[in-house]
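A short report is wanted.

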Amino acid sequence: MARREDYERRTEELLTPIMDEHHFELVDVEYVKEGGNYYLRAYIDKEGGINVDDCEVVSRALSDLLDKEDFISEAYILEVSSPGLGRPLKKEKDYMRSMGKELEIRTYRAIDKQKEFFGYLKAYDEKTVTIETEEDKELTFEKSEIALIRLAVHF
């Protein structure tokens, strides 16, 4: 297992009791390097949305546990935040929650001369995602073709 994956997995394990205690949902954990700094990010949510105080409670509790466990060898910046409106679909529960909702899909390569698609999530499995467009056209994508899949956000 890669170091990044191990850090993310172990952080998720530390977060689980915190999430349960506060009735929050752990959406994702990522460990990334950006601009010369490492970031450990936890994205949390709850019914009605997450606020700054919620993030602070989780950040303080997680920070204490990370200091105690001390399994990340590099210096890093801990961030706890809401996943935001346009959060990507990554896990089974993300797809389940998004059934019937409008999605934005961006593909790595052009399909019929376009790389961006919008439609309502109709079906999914381990390998594919099917949407229905405004024109009542069904489109099925291999997950390996998808660069980004998230809830559509219109302003």
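## Aromatic pairs

This is a predicted model. It holds 5 aromatic pairs. In one of them, Y7 and Y31, the ring centres lie 4.9 Å apart. The planes stand at 90°, over the 60 degrees required, so this pair is edge-to-face.

Y7 belongs to helix α1 (residues 3-22), and Y31 to strand β1 (residues 25-34). The pair therefore ties together parts that are 24 residues apart in sequence. Both partners fall under the 20% cut-off for burial. Y7 is buried at 5% relative accessibility, and Y31 is buried at 3%. Ring pairs also join Y7 and Y31 with Y38 and F71 in a cluster.

## Nonpolar cores

In soluble globular proteins, nonpolar side chains tend to be buried together. In this model, the largest nonpolar core has 21 residues. L15, M19, I44 and V58 have the most contacts inside this core. Elements giving two or more residues to this core are α1, β1, β2 (37-45) and α2 (52-69). The most come from α1, with 5 residues.

L15 touches L26, V29, A42, V58 and L62, leaving aside residues up to four places away in sequence. A second, separate core has 12 residues, including Y95, L103, L121 and V129.

Terms used:
Residues are numbered from 1 along each chain as its sequence is written. This is a predicted model: local features need pLDDT of at least 70, side-chain atom pairs count only at pLDDT 80 or more; totals for chains, interfaces and linings use all residues. Side-chain values use heavy atoms; hydrogens and water are left out. Rings of Phe, Tyr and Trp (its six-membered ring) pair if their centres lie within 6.5 Å; planes under 30 degrees apart count as stacked, over 60 as edge-to-face and the rest as tilted. Helices (H or I, at least four residues) and strands (E, at least two) are DSSP runs, numbered from the N terminus. Buried means under 20% relative accessible area, exposed over 50%, partly exposed in between (1.4 Å probe, protein chains only). A nonpolar core is a set of buried Ala, Val, Leu, Ile, Met, Phe, Trp, Tyr and Cys residues joined through side-chain atoms within 4.5 Å. Contact means heavy atoms within 4.5 Å.
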